[in-house]
Protein chains: 2
Amino acid sequence: MDLIDQLKTGNKRAAAKLITMVENKLPGYEEVLKEVHKLSGGAYVVGITGPPGSGKSTLTDKLVKNLRKSGKNIAIIAVDPTSPFTGGSILGDRIRMNDLNLDPGVFIRSMGSRGHLGGLSEATRAAVKILDVMGSEVIFVETVGVGQSEVEIVRNADTTLMVLVPGLGDDIQAIKAGIMEIGDIFVINKADIDGSNRTKREVEMNLDLSHHERRPRVVMAVAIDNKGIDEVVEAIHEHRDFLVSSGKYHQNRAVTAKDEILEIIQVQTLKNVLDNPRVREQLEELTQQVASRTMDPYTAGKHIMDNIQS
Amino acid sequence: MDLIDQLKTGNKRAAAKLITMVENKLPGYEEVLKEVHKLSGGAYVVGITGPPGSGKSTLTDKLVKNLRKSGKNIAIIAVDPTSPFTGGSILGDRIRMNDLNLDPGVFIRSMGSRGHLGGLSEATRAAVKILDVMGSEVIFVETVGVGQSEVEIVRNADTTLMVLVPGLGDDIQAIKAGIMEIGDIFVINKADIDGSNRTKREVEMNLDLSHHERRPRVVMAVAIDNKGIDEVVEAIHEHRDFLVSSGKYHQNRAVTAKDEILEIIQVQTLKNVLDNPRVREQLEELTQQVASRTMDPYTAGKHIMDNIQS
């Protein structure tokens, strides 16, 4: 718990060590998670998502520089769920070269998925809490790609930015249906290229058809030229004010807490299977039967659950 | 089980009804899953994934038309995990307008994620088995987007095509690290646009650095002009032959069976929480405590697991 004491004083090295510890589930990580949960909750979490090529990293960079003017301590967590094997190291390298890293008020960390058993959102949540305890006042969680796990990751942010860009092809149209329900603020980035007004109109039209308690703002930006950044920051403040004054802020945080408990139950259940030699042996046997179609996986699952509980 | 008898005779309407049944977990769906599991296993499953805008749908379309020349029964499952709310209906509409639908030897189905509790890969697996029992000999599973859940979905295909395209921006570079380990065959689509040779070289270079028992083929294609399709089909046959002759085919199917059992255990555990009024009430209470930071989510999860098992 020495590391946590150091963390409370704002020590970045302690934060990095603790994140690595929970990411790799090193001995003692659960104690760390329990402790940082109780100490955290003050930071405001902004999720940034959108399709590849929409310029999320650049936008995040500019937003952070803008917020730094007011002296706020900022952290960025770059999540790359598409990189189950490398731990997002390439993305990490790209970000680590960033000049933001020279700013003592900014902490940057990239995270990839180490396994496939739902560990990434757990690790991301943990990193948010660790950085919160370190003293970060705004934490950006940026994801690469749009998929179900990315949605789950940004789902627990206080404010989610959906970054779109004109002309990314037909698939984007298909994706939009799902996207509309996710963003609290829509940013049309690279708004200086052809078709950006059409994209904006399409987004507005889709928002007309979707269900939102509060209609999301659509902001045009050219992040690389620092255009539209003030407006995005303003939209974030506006959304935060709405959340707080409507009571949604606390409601959403309760949803996050429930998601977290349910995820822990799932992860813990798997752990109970894989950590128990007797159950693991049974799993191997039943796997062969399921693969050869002499047993169905439901019956196999039931046998194993009975075995864990006995 | 009338529907299953109809399914065995190749009835498409029965297949559609059964897929809807398992997708929405309508009463009796588990019995259906148990039954189709035992009857299935003969179809060859090809996963198609890649970033938005890479032309996966067009490629799938051309591959299916090519394989239809040999008279094979084909099915396509288009999975849209980014659409948790609409059930992938927009993608579905796009595909349903396709002329392939007029071919009696082709079955097309789109699927979106209805919830966030791991239901999509379960439903996709079920759809594969149902279509297998219906008599589909090759089943294409196409995903929109690249993310962790998409990876999990194609993970259980026999052969996975990774479709890339030149010039999709920096994020693609970041994504590639993860992508390299996933594809059994790499297709550089839209190979008539600038930079395709460079993309091919980059892919080859990345493959040099990655771990594969058998080096994946890299095929150039312009799917929309039907170019390179024969080569992709040949690469699929080649990969299948490798799997069968090396024994990997059965090894991989055992991995799929194990994944499936573990996923069922997770889903069933959540069901045990949410379907039990007493446990659900406890969850609500503990959620409030976790949200107000008077309890940590690990302790809450443990209390609930003790309660399920008692």
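The second largest cavity in this predicted model has a volume of about 360 Å³. It is one of eight cavities of 30 Å³ or more in the structure. A cavity here is a set of points on a 1 Å grid over the protein atoms alone where a 1.4 Å probe fits but cannot get out, and lining residues have an atom within 4 Å of a point. The volume is the space filled by probe spheres set on the points, which are joined across faces, edges and corners.

What sits around that space? The lining of the second largest cavity runs to 25 residues, with A:Val45, A:Arg125, A:Val128, A:Asn156 and A:Thr256 nearest the centre. At least two lining residues come from each of α6 (119–134), α7 (148–155) and α11 (248–274) of chain A and α12 (277–291) of chain B; helices are DSSP runs of H or I with at least four residues, strands are E runs of at least two, and both are numbered from the N terminus. The top contributor is α6(A), with six residues. By type, the lining splits into 10 nonpolar, seven polar and eight charged residues.

A:Tyr44 is in strand β1 (residues 44–49) and counts as buried because its relative accessibility is 10%, the cut-off being under 20% with a 1.4 Å probe and protein chains only.

A:Leu100 is in the loop between α5 (89–96) and β3 (106–112) of chain A, and at 3% relative accessibility it is buried. Its contacts beyond four places in sequence are A:Asp61, A:Val64, A:Lys65, A:Ile76, A:Val106 and A:Ile108. A:Lys65 lies 35 residues away in sequence, with 7.8 Å between the C-alpha atoms.

Over in chain B, the buried residues of α2(B) include B:Leu18, B:Ile19 and B:Val22. Just after this helix, B:Lys25 takes a positive phi of about 50°.

As for conventions, residues are numbered from 1 along each chain as written, and chains are lettered from A in the order written. Local features need pLDDT of at least 70 and side-chain atom pairs 80 or more, while totals for chains, interfaces and linings use all residues, and side-chain values use heavy atoms, without hydrogens or water.

Methods
Buried means under 20% relative accessible area, exposed over 50%, partly exposed in between (1.4 Å probe, protein chains only). On a 1 Å grid over the protein atoms alone, a cavity is a set of points where a 1.4 Å probe fits but cannot get out, and a pocket is an open set with protein on both sides within 12 Å along at least five of seven lines; lining residues have an atom within 4 Å of a point. Ala, Val, Leu, Ile, Met, Phe, Trp, Tyr, Cys and Pro count as nonpolar, Asp, Glu, Lys and Arg as charged, and the others, Gly among them, as polar. Contact means heavy atoms within 4.5 Å.
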